[in-house]
Amino acid sequence: MGEGAALPDGVRLGTATGRAVVLATVLGSGMTLLDATILNVALRTIGADLGASLAQLQWISNGYLLSLSSLILLGGALGDRFGRRRVFVVGALVQYADWRWIFLINLPLAALTVAVAQRWVPETRDPHAPRRLDLVGAGCTVLALGGVTYALIEWGGTWAPWALLLSVLAAAGYVVDERRSEHPMLALGIFADRTFSAANAMTLLVYAALGAVLFFLVLQLQVVSGYGALAAGVATMPITVCMLLLASRGGALAVRIGPRLPMTLGPLVMAAGTLLLLDVGAGVDYWTGVLPGLTIFGLGLALLVAPLTATVLAAAPDEQAGIASGVNNAVARAGSLLAVAALPVAVGLGGEEYADPAALDAAYRSALVVCAVLLAAGGALSWVLIRDPRDRLSTRRRRPPGRSGRPRWRSGPRSRSRSG
C-alpha cells in the first residue's frame, strides 16, 4: 500500500507507527512460513530415520497446519475482545515453549517481533466484541477439520468413513451454533459481502496449491534429484526473496489500480511457474531447471499477497478486523492442510512409495498439474468476482435511495445490527 494508505484507528503507513505495524506483521508471518518450510525440508530425513510411511509424514506436516487452521479463528476473536497487539505478542512467545531445537532459529525473530510490537504498535480492539468466548464453535471447528483430514489421509481405513461423518456433523453443528449463539466466534453475515467470500474462496484454491507444491517439490528434490535436506531447503529461497523484496510493491500497485488485476494475474503467474517445475527430476540443473520456475512462482505470490489481505480486511467492518483476518488465515491454512492430505492419494502415492524415485516422480508431475489448475481457477475466480473499490462505490451510488450497498452485520440473533 502507498504512503497515504491508512491502517485501523488512523495509523498511516508513512509514519513510524505505521511502518512498525507492517514490520511486526511481516516478522510474525515470516516465522509461520519459516516453520512450515523447515518442516517440509525435514520430512524426508524424518521418514528415513523413523521408517515412516507417507501417511505418517502427512500427519507430521498436517499436525501443525491442523492446529493452526482450526484455532486461528479463536485467535482472531481473542484479538477483537482482549486487544490485537496483546494476543499477537502472547502468540510470538507461547509457541516456542516446547518447540524442538530445529525451530530455535526462530527465537531471534520472535524476540524482535515482540520488541517492535510492544514498543511501537498501538493496541486496538472491538468495543462491541462479545464478552464470552464461543468455545462450542471453536470445538466444532477442530472436529470438522480434524475429521476430514483423518478421512483423507487414512482413506480406505476402517475409521475413515466415521471420521468423515464426524466432520460433516461438526461443520453443521458449527453453523447452527454460530447462528443461535449470542456470542458467536464468527458472525456468518460477514460472508454476505461477495468480495469477502470471493477473496476467501480464491485463498482456499491458491494456498492449497502453494502447500502442495512445497510439499511435493522438497520431496522430489531429495528423493529423485538427489539433493540433501539443506540443499533442498535453500533451493526454495527464491520464493522468500521475492516476497521480501516485492510484496510491498504488489500492495502499492493494488492501491493505484485496484486489487482485481493483481489478484487475477498473481495466481496465473504462479501457475506458469508451477508448470516450469514439471522438469524437476533426476540430474536436474538447479539454475536452468529449478530456479526459473521458483522465481516466477515467487513473483506471482508477491503480486498476490498484499492485495488479497487488503481486500479481505476492506470488505469487513473495521471493528471485525481481527476475525476477518482470522477467517482468511484459517482458510489459507485449511487449503494447505486439505491439499497435503488429499493430493497424494489422488495421484496414487501411498505407503512408503514416496521413497521410491520412480513412483514419486510420476506422482510429482501429476500433483503439479493439479496445482497449476487450482491456481488458474483462483485467478479466474478473482477476475469474475472481485471488484475494485471504485467499481463497488459506483454500484452503491446507482442503488435506490434508502438501500445500503453494504450488508448489515449481525453478531447474534438478539444483537443489534451495525452498518459496515
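A: Happy to. Let's start with a pair of side chains: Asp361 and Arg365 meet in a salt bridge, at 3.1 Å from N to O. The term salt bridge stands for a side-chain nitrogen of Lys or Arg within 4 Å of a carboxyl oxygen of Asp or Glu. Side chains of opposite charge can pair when their charged atoms come close. Both residues sit in helix H13 (residues 357-385), and because they are four residues apart there, about one helical turn separates them. Helices here are DSSP runs of H or I with at least four residues, strands are runs of E with at least two, and both are numbered from the N terminus. Arg365 is partly exposed, at 30% relative accessibility. That label lies between buried, under 20% relative accessible area, and exposed, over 50% (1.4 Å probe, protein chains only). A search of the whole structure finds one salt bridge.

A word on the ground rules. This is a predicted model, in which local features need pLDDT of at least 70 and side-chain atom pairs count only at pLDDT 80 or more, while totals for chains, interfaces and linings use all residues. Residues are numbered from 1 along each chain as its sequence is written, and side-chain values use heavy atoms, with hydrogens and water left out.

Now for the wider setting. The protein chain has 14 helices and two strands, and 48% of its 420 residues are buried. Among contacts (heavy atoms within 4.5 Å) with a separation of 6 or more, 79% join residues 24 or more positions apart.

Another helix worth a look is H5 (residues 135-153), whose 19 residues reach 27 Å from first C-alpha to last, close to the 27 Å expected at 1.5 Å a residue; the expected span is 1.5 Å times one less than the number of residues. Its buried residues include Gly137, Ala144, Val148 and Ile153. Cys140, also in H5, counts as buried at 13% relative accessibility, and Cys242 is buried too, at 8%. The structure holds zero disulfides, a disulfide being a pair of cysteine sulfur atoms within 2.5 Å.

Finally, Leu245 lies in helix H9 and is exposed, with a relative accessible area of 58%. Helix H8 (229-235) and helix H9 (237-257) each supply at least two residues of a nonpolar patch, and the largest share, five residues, comes from H9.
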